[in-house]
Amino acid sequence: MSIKRFPGKNCKQTTEQPGTNMSRRSRASTDKPPKRTRTRYNETVISTRTVRDKMLGGEQDGRRVLLSDEEYRDKSAALTFVTEGKALTVESVDFLLEVNRSDHHTDEFEQEDLVLRRGQAFSFKLHFDRAVNKKSDILFIKFAYGSRPQESKGTIIRLPINLDGSPSTTDNWQVTMTDLGGNVMTLCVTSEADSMIGKYELLFETKLRDSEKDFANQDLDTFFYLLFNPWEKEDVVYMEDEGEREEYVVRDTGYIWVGSVKDNRARPWNFGQFETPVLDVALGLLDKGELADTGRNSAVSIIRCLSALVNSMDDNGLLEGRWTSEYPKGCTRPSDWTGSVPIIEEFYRTGRPVKFGQCWVFSGVITTLLRCLGIPTRSVTNFESAHDTDCSMTIDRHFNEEGEPVEDLNDSVWNFHVWNESYFRRLDLPRGRYDGWQAHDATPQELSEGVMRCGPTPLAAVREGEVYLNYDTGFVFSEVNGDKIDWMVCQDGSMKVSNINRHSIGRYISTKAVGSSERLDITYLYKYPEGSPEERRVVEFVEQFSTRRKQNIYRKEIGKKEIDFDLLLANETVPGDDLEVGVKVKNLTSDPIKVKVTLTLASTFYTGVAAKTLKGEIQEASLAADQETILKMVVVADDYVSTLNPELKFKLTAACRVVESNRFYADSETFTLKFLSLEFDVPKKVCSRIETKVPLTFKNVTKLRLHNCVFQVEGPYIVKAKSYHIRKVVNPGDDVSVDVVLLPYRLGNRVISATFSSNEIADVLGEAVVHVVSKAEWDEPDGGVEAMEVESAVRGGAGDGLIDKRVESGAVIDKEAESGAVTDKGAESEAIIDKGAESEANIDKEAGTEALNDKERIAAEEMGENGGEETNHKENGSD
């Protein structure tokens, strides 16, 4: 007998492709990406008990059997390689990659491993060292999961192979021999729709009938990934609508809404969920969080684990948050990121939290990781988002008797906050009632069961005010439907309620619409219409669970409202110009009144936290019955430029006192100075595997001198994330431009996102849509893209930021083209590119990588001559 641990004798995984069987989703196969290397994070062995042992403390000899994962595997008979006698052995495995990946909607994955979806059949071939004897050979195929596979725990699935072609079933996994020819056998396996997601090792066991001496147990030195399956009805993440599956699982670019209620825009974001090394990092984080094997079939458990591990607060997770106006050198400011992949790559390379993120960055990364795992997920923005710190379900604001805000006593209201929603059935709650979209949040705010995470909580529960349900329903309810309570702080320190604003929290809750660039308002999923009887019923129901229910806030006598007012903002002011703000006040009574108004302007962060008060004025006005008037305050540039934070955000507060009744009213709003944008000059089309340079330009229309300027550019499968550092000072009126080098390796519409920042301003956004064609199509007279008018397609930062209408009219094509395939049916039937072009494109991977690096170095040298310096995220982190 010979005994050996990994790998099996002469056993190797092959990628033979006996037939194309390409579906319309197989566009990923038309060009192969540049080779990427494995790095330290993925190769680190993470013990399944490291964190738990540390928390238990001390020696554990008398408490449990101490055995490392490696020792366990060495002792396991099920994992030990054994060959004895004349038993059949496997020489190679053909996973039929192209067919299986296409059928399982995983052909987008950049890595060349077998990636499958649970609950769906897949086939593979076993090549044996001799012909199979149906009379004497007894065969088993085994799938091992996790660091300590064990059949009694359900982490080794052992399936007998019936040589008569009938199916056999174990633990709801099924195997059927579909073909046998000599020494080659084809098996069809269907995993359970509730299987644990992650890596599975392939094992093989055989013996001869009526013989104990002829036996083999092989580790076939192969593995595959198994993911959630939104195409399978029995999977909890099943989505019936094809367009929604395309949007929330397959689409690798999108938009995250930022700004304020009155002035918001779509921020382009490259999710890149199919790029290397996203899948390995997603699964590695589950290991880092020590999520038990039995929890890895549950969308709830996986989301709660990743919600904690994406932020760095508890476990040195993936991304560190920072909310300040200044950032240390050697990091990337949150506003500079254009997508998730460079963040994930840096964590993969270093194993340390990446610096830095804010809510939209945390949300973008979570969307990437969960879409990668197959859970339908979207980023969602809540404008006027409350942060309830005391579980009161109300949001408190305080003002002194002069009407000036007392910021250190206030609950914060973020002018926007971004979290996530994922779509699945809740098997842990009453069946059917809470299925659908579930809200969760990786941005560190409050502890949930002792860990910095939030959710998932059903939107249906939030809407009905069922704040007692898991997980964190009460916190999400207060974010979207808490009432603002205004308190007057008297000179002796006592406080009294001056006003209750029932309609200002949770507005324009937004996400990207399915199949378009438009904003979709989903506020109705979180609450009934503001002021409706249903909405008030829910708020009153929730009050009984408030920590301040004994104060009877809603039963205090406040009186009939006497005035109404609207704040006048300066959101169209160019940075460096004088700005004018004000308030429009209207008398709602039938008698003349006198009002005393305090206007206060402060620089602020998007979290609603004021940085520095810039100016305050007290004005008075007399109003006749039903009369309205406008009171204004001018702030000259010299009074705010020196304290301006790069976000260009301000908070205007107006406190109005009616002299006759001594009643007090207040409101505040955050606004941003005029959005600036970038300009791309892109051609109608570019050719796959051919380098193309496109200019990216920023024009300094401000009156500020800009220092330490940086362009960030990223586009899945067309340009890796890069930084272009500008050495010179950019003066008012100057243009600064860099040449972005495109080298696409996948066909169809590709999106390039860019940001521009400096010490003085940040969050300048730009986007271009580029149509990538094959070499064969490029050589056609008309280029095959008559409908693809993408020239100078820009999504900038002004207004609502919609893509140039030429792009929209040209890009709204059928689903195949929208997801990256070429629309011409003739081209599709000819596999898009002819063999000659394909052989031209399939250059040696190593040489391709070297060539790409050479081109990047050449581009960097050229940038240096033009006053710019190009760097690569992958090489130097996020400098």
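This briefing describes the fold, the nonpolar cores and selected residues of one protein model.

The model is predicted, so local features require pLDDT of at least 70 and side-chain atom pairs count only at pLDDT 80 or more, whereas totals for chains, interfaces and linings use all residues. Residues are numbered from 1 along each chain as its sequence is written, and side-chain values use heavy atoms, with hydrogens and water left out. The protein has 20 helices and 44 strands; helices (H or I, at least four residues) and strands (E, at least two) are DSSP runs, numbered from the N terminus. Of its 879 residues, 58% count as buried, where buried means under 20% relative accessible area, exposed over 50% and partly exposed in between, with a 1.4 Å probe and protein chains only. Among contacts (heavy atoms within 4.5 Å) with a separation of 6 or more, 71% join residues 24 or more positions apart.

**Nonpolar cores**

- A nonpolar core is a set of buried Ala, Val, Leu, Ile, Met, Phe, Trp, Tyr and Cys residues joined through side-chain atoms within 4.5 Å.
- The largest nonpolar core comprises 67 residues, and those with the most contacts inside it are L279, I302, L306, L318, W360, L369 and L373.
- Helix α9 (residues 359-373) contributes the most to this core, with ten residues.
- Another core, of 63 residues, lies apart from it and includes L644, Y724, I726 and F756.
- Beyond its neighbours within four places in sequence, L369 is in contact with V278, A282, L285, L306, V310 and I344.
- I302 is located in helix α7 (residues 299-309) and is buried, with a relative accessible area of 0%.
- With neighbours within four places in sequence set aside, the contacts of I302 are I197, F228, L286, L291, G295, R296, L370 and L373.
- I302 and I197 are separated by 105 residues in sequence, and their C-alpha atoms are 9.7 Å apart in space.

**Helices**

- Helix α6 (residues 278-288) packs with α9 at an angle of about 95°, and the axes are 9 Å apart.
- This angle makes α6 roughly perpendicular to α9; angles under 35 degrees count as roughly parallel, over 145 as roughly antiparallel, 65 to 115 as roughly perpendicular and the rest as oblique.
- The contact involves V278, L279, A282, L283 and L285 of α6, together with T368, L369, C372 and L373 of α9.
- By class, the contact of α6 with α9 has eight nonpolar, one polar and no charged residues; Ala, Val, Leu, Ile, Met, Phe, Trp, Tyr, Cys and Pro count as nonpolar, Asp, Glu, Lys and Arg as charged, and the others, Gly among them, as polar.
- Axes are lines fitted to C-alpha atoms, for helices over the stretch in contact, and angles run from 0 to 180 degrees between N-to-C directions.
- In helix α8 (residues 341-350), nine of the ten residues are buried, including the charged residues E345 and E346.
- Just after α8, G351 adopts a positive phi of about 75°.

**Strands and sheets**

- Two strands pair if DSSP finds at least two bridges between them.
- An open sheet of three strands has the order β19-β25-β26, with mixed pairing.
- Its edge strands, β19 (394-400) and β26 (495-501), each pair on one side only.
- Neighbouring strands of this sheet are turned by 30° against each other on average, direction ignored.
- β19 and β25 (residues 483-489) run parallel and are joined by seven bridges, with I485 of β25 as the bridge partner of D396.
- Strand β7 (residues 137-145) is largely enclosed by the rest of the structure, because eight of its nine residues are buried.
- β7 runs antiparallel to β12 (residues 198-208), with nine bridges between them, and A144 stands opposite E201 in β12.
- Six bridges pair β7 with β8 (residues 156-161) in the antiparallel sense, and L139 stands opposite I161 in β8.

**Loop residues**

- S260 lies in the loop between β14 (253-259) and β15 (264-270) and is buried, with a relative accessible area of 5%.
- Apart from neighbours within four places in sequence, S260 is in contact with F383, N415 and T670.
- R433 lies in the loop between β20 (412-424) and β21 (436-441).
- R433 is 28 residues from A461 in sequence, with a C-alpha to C-alpha distance of 8.9 Å.
- Leaving aside neighbours within four places in sequence, R433 is in contact with A460 and E466.
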